[in-house]
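Dear colleague,

I am passing on the structure we spoke about, and my notes follow below it. Please look through it once before you read on.

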Amino acid sequence: MSRTLSAALGLALAAGLAALPTAAAAAPVQGYTASAYAGSAAEDADNQAFFEAVMKSALAKQAAAPFLKAVVVTYDASSAPTFRTQIAQSAQIWNSSVSNVQLRSGSAADFRYYEGNDARGSYASTDGHGRGYIFLDYKQNRQYNSTRVTAHETGHVLGLPDHYSGPCSELMSGGGPGTTCTNPYPNSAERSRVNSLWSRG
């Protein structure tokens, strides 16, 4: 997918994303993209900001319940009803893969899921001020395994960067291995990295 946005596309996107929260004004980070796109330093920085905002929010809530062994990150999927099953499966996959952080559905959310049409595909986005969301694109989720897309984007929330040149066995290789790759599970290195990032919780 091309990351170059024409003026016409920019207008279309502005109209299409108007219903999203203020975080939508920020450029998306780390989209579920084919291997032809290698990412950028700006996207890496934005993705890191999203992860840090989610961690800060989750740790602040955990301070009220310090006896918990794992940090609980709360998500709200109410604005992505089409992908309710895939979001729940993605959370289950991550919860069974790591021990230092757990994903839970709830109203006091650390991040949210949205759905719709976007030429950029699915992506994680943040405004850099503590608000973030995952956008799930209809067309892309018909082309690629939807649970893999959702688990991949959720991996960004947990602190993992894209690695498009990786194999299908690597969740964060995203669309790099092509549409035939249906693996929704993080590999051992990805699981270890997430546990390490959240260990201080």
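How many helices and strands does the secondary structure of the protein chain come to? There are six helices and six strands, where helices (H or I, at least four residues) and strands (E, at least two) are DSSP runs, numbered from the N terminus. Please keep in mind that this is a predicted model, in which local features need pLDDT of at least 70 and side-chain atom pairs count only at pLDDT 80 or more, while totals for chains, interfaces and linings use all residues. Residues are numbered from 1 along each chain as its sequence is written, and side-chain values use heavy atoms, with hydrogens and water left out.

Of the 201 residues in the protein chain, 51% are buried, a term for under 20% relative accessible area, with exposed meaning over 50% and partly exposed in between (1.4 Å probe, protein chains only).

Helix H3, residues 84–97, has 14 residues, and its buried residues include Ile 87, Ala 91 and Trp 94. Among the elements that cover the buried residues of H3 are strand S2 (71–79) and helix H6 (188–197).

The structure also holds one disulfide, which is a pair of cysteine sulfur atoms within 2.5 Å, and this disulfide joins Cys 168 to Cys 181 with an S to S distance of 2.0 Å. Both cysteines lie in the loop between H5 and H6, 13 residues apart. The torsion about the S-S bond of Cys 168 and Cys 181 is about 90°, so the disulfide is right-handed. Cys 168 counts as partly exposed because its relative accessibility is 27%, whereas Cys 181, at 3%, counts as buried.

Best wishes

Methods
Expected span 1.5 Å × (residues − 1). Contact = heavy atoms within 4.5 Å.
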